Amino acid sequence: MTQISPVTAPPHTPEAAPSIVRTVDSRRTGPLRRVGEWFRGGGVSTFVFLLPLLFSFIFFSWKPIVDSAIMAFQTTNLISAPEFVWFDNFSRVLQDPLLGTAVVNTLYFAVLALLLGYPIPLVVAVLMSEVRRRRGLYSALAYLPVVVPPVVSALLWKFFYDASPTGVFNTILSWFGGGPLPWLQDQASAMPSLVLFATWSAAGGTIIIYLAAIVGVAPELYDAAEVDGAGVWRKVWHVTMPQLRGVLLVTFILQIIGTAQVFLEPFLFTGGGPANSTMTVLLLIYKYAFQNSLGGDYGAATALSLMLAIVLAVFSMIYFRLTRSWSTS
Amino acid sequence: MSADRGILSPADWRRPRVRIATRATHVILLVSLFVVGLGPILWLAKSAITPTQDTLRTPLSLWPNGMDWENLITAWTRVEIDKFFLNTVLIAAGVWAVQVLVATTAGYALSVLRPRYGKVVVALVLATLFVPSIVLLVPLYLTIVDPPLLGQSLINTFWAVWLPAGANAFNVLLVMRFFDSLPREVFEAARMDGAGNYRLFWSVVLPMSKPIIGVVSVFAVIGAWKDFLWPMLVLPDPAIQPLSVRLPALQQFIELDVFLAALAISTIIPIALFLVFQRLFLNGVGMGGAVKG
C-alpha cells in the first residue's frame, strides 16, 4: 500500500487512513510516484530515526549471529584466510577430554545452584511479604549484593574464602565450633563455594521478583481460604504457591540458562582448578578462543558455543511444552 | 478491596501465638539480612581503612587497632585507581549515550511513526532476545577486530564497548512499550501546530518520556559498571581498562589493605546510584518485571 497524500490525512497515524481511498490511490500510482510520496510523507525521517537501531543491530547482533553459524564450520584464526572444514571443529571439540569434565561441572553447578538458590529467595520473599513496616528496608538489604559490581564481590569473597584458620569464613565457623574448611583449594569444596557466592550475589534480584508476585495475590483468595478454615501454612501452600506458579516456572528456566553460561565465578575464583574441578563449558569456550598462544581457535569456540546454545534452546522448548498446562491453569 | 492484607488476616494478627511467631521471624530475618546483605559491604568499608596486619590477623574484629586513611589515598594515586575510575566513568557514559540514543530513536520510529516495515524490524529485534549471549562472544569479538566499513580495528578503543551496547533489545522493547502508552492526541495536536517528525520527537515525545529514559539510563550505567568479560576481551591495554578488568590483575601487585581500599572505591558509585534510585530497582523494573508492562 502506498502512503496517501498528507492532505487527506496525516500519514503517520496508522488508524487515520481509510482503506478504500488507499486502494484506489495505489492503482493509479507508479513506482516513481510511490517513492516521491514516501519522501513527502516523512518516510525518510522515519528511516533516519531507525538508523541507530539498524546500525547497532545489523553489525553487533544480526551479523555476529550469522557469522557464528558460518564460523563453526571454518578454521579462522585471523592469520590465514578462513577455510571451510565442515564438521571438523565439532568433532575436535567433542573429542576433547576436557569437554566431559566441563559439561559435568556445569551440570553440577546448575544442580547445586538450584538446590541452594531456588528455595532460599522464595522463603525469604514469603516471610518478607508479611512485613508491615519498613518493608523497603528489608528489600534494600536483600538487594544490596546485586548492586555490588560482581568483580568486586568475587575478589572480596576470594579473600573471605581464605583456607587458613584465620580466614574470614573459617573464623566465623570456629565460633560455632566448625573446623577450618579448605573452600576453594579442595576439589570437593571448590564448586560448592562458587555456588554459595553465586547464590549470595543473585538471590536479591529473585527475592524482589517473588515479592512483587506475592504482593500481587488478590486478598479475596486468602479471605476465601479462611472461610474454608485454612490456617497460615495452608494459605501459603494452597493460595500463595499456586499463584506464584507462573513466576516460579520462568525463574526456574532462567536460572538454568544463566547457570549454563557461568563464567565469572570460576574465572575469577579458581581459573577452573583445582585439577579442573571448576572447569565449566563457558570457561572452555573462553580457553579455545582467547587463551591460546598460537592464536585463537575461533572455530572450535564457536562450534562449542553453538552446541551449547542449541542444547539450551531445545531444553527451553521442551520445558515450556511440558509446563504449558501447569502455567495457564 | 478487603483492606490491605497479606497471607495473614487481621484475625490471624490478633492471635498472640501467630503475632509473636511472625514478629520473631521478622526480627531474625532482618538480622540475617543485615549480616548477609550489608555485612560484606561494611566489612569492606572497615578494611579499606585498616592496616593489612590487622585485617589478616583478626579479620572480624569490630574496631581496627589503627585507622589508616592513607590506604584510600595510596589506592587512588599511587595505584592509579583514579585513572581506572575515569575509564569506567567514560565507558559508562558512552554506553549510556549509545543505549539512550538507540532506544529512544527506535522507540519513536517504531511506536509513534510506525512505518509499514516496522513490524519486521520489531520481530527481528525481539528475536535477538532469544539468542544466548555466548553465541555472540567470538563473532562479535572478531567484528570488533575487523569492523565492517571502517577498515581499522576497534580493539583498545572505547568504541569497542560503546557501539555493541546499542544492540540491546530489552531497552528498545521497554521504550516502545512506554511510547505506546503516550496519548496520541498530544501528537495530533503538535502536528496541527506544524511540528515535523524531528520537532515532535525532541520537543514532545522526549520531554514526556523522562521516567523511562531514567530507567534505561540507570540500568545502562550500572550494567556498564558491572561488565567484565567483554571489556576484558576488547581492551587488553591496561591504560584504558575499567576498574572491573583492572582489579583482578592489580591483586597480585599491591598490598592487601590498599587493594581492599581500591575495591571499596569501585563500589561507591553503584551503591550511591542504588540508594538514590532505590525505588527503581526494588519495583522490579529492568528485571523482567517491566516486560509485563
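Mentor: Let us begin with one residue: B:Lys83 has a relative accessible area of 30% and is therefore partly exposed. Buried means under 20% relative accessible area and exposed over 50%, with partly exposed in between (1.4 Å probe, protein chains only). Please note that this is a predicted model, in which local features need pLDDT of at least 70 and side-chain atom pairs count only at pLDDT 80 or more, whereas totals for chains, interfaces and linings use all residues. Residues are numbered from 1 along each chain as its sequence is written, chains are lettered from A in the order in which they are written, and side-chain values use heavy atoms, without hydrogens and water.

Trainee: Which residue does B:Lys83 meet in a salt bridge?

Mentor: Side chains of opposite charge can pair when their charged atoms come close. The rule requires a side-chain nitrogen of Lys or Arg within 4 Å of a carboxyl oxygen of Asp or Glu. Here the partner of B:Lys83 is B:Glu80, at 3.5 Å from N to O; B:Glu80 is partly exposed as well, at 35% relative accessibility.

Trainee: How many salt bridges are there over all chains?

Mentor: The count comes to 10. One of them joins A:Arg92 to A:Asp297, with the closest N and O atoms 2.3 Å apart. A:Arg92 belongs to helix α4 (residues 88-95) of chain A and A:Asp297 to the loop between α14 and α15 (298-328), so the pair ties together parts that are 205 residues apart in sequence. Helices are DSSP runs (H or I, at least four residues), numbered from the N terminus.

Trainee: Is A:Glu130, which pairs with A:Arg132, buried or exposed?

Mentor: A:Glu130 is buried, at 6% relative accessible area, whereas A:Arg132 is partly exposed at 43%. Their closest N and O atoms are 3.8 Å apart.

Trainee: How many residues does each chain bring to the contact between chain A and chain B?

Mentor: With contact taken as heavy atoms within 4.5 Å, chain A brings 95 residues and chain B 100. The two chains bury about 8,700 Å² between them, 77% of it on carbon and sulfur atoms. Buried area is the accessible area (1.4 Å probe) lost when two parts are put together, summed over both.

Trainee: How many salt bridges lie between chain A and chain B?

Mentor: There are 3. In one of these, B:Asp12 meets A:Lys235 at 2.5 Å, N to O. Both residues belong to a network of salt bridges that also links A:Asp223, A:Glu226, B:Arg5 and B:Arg15.

Technical notes:
Helices (H or I, at least four residues) and strands (E, at least two) are DSSP runs, numbered from the N terminus.
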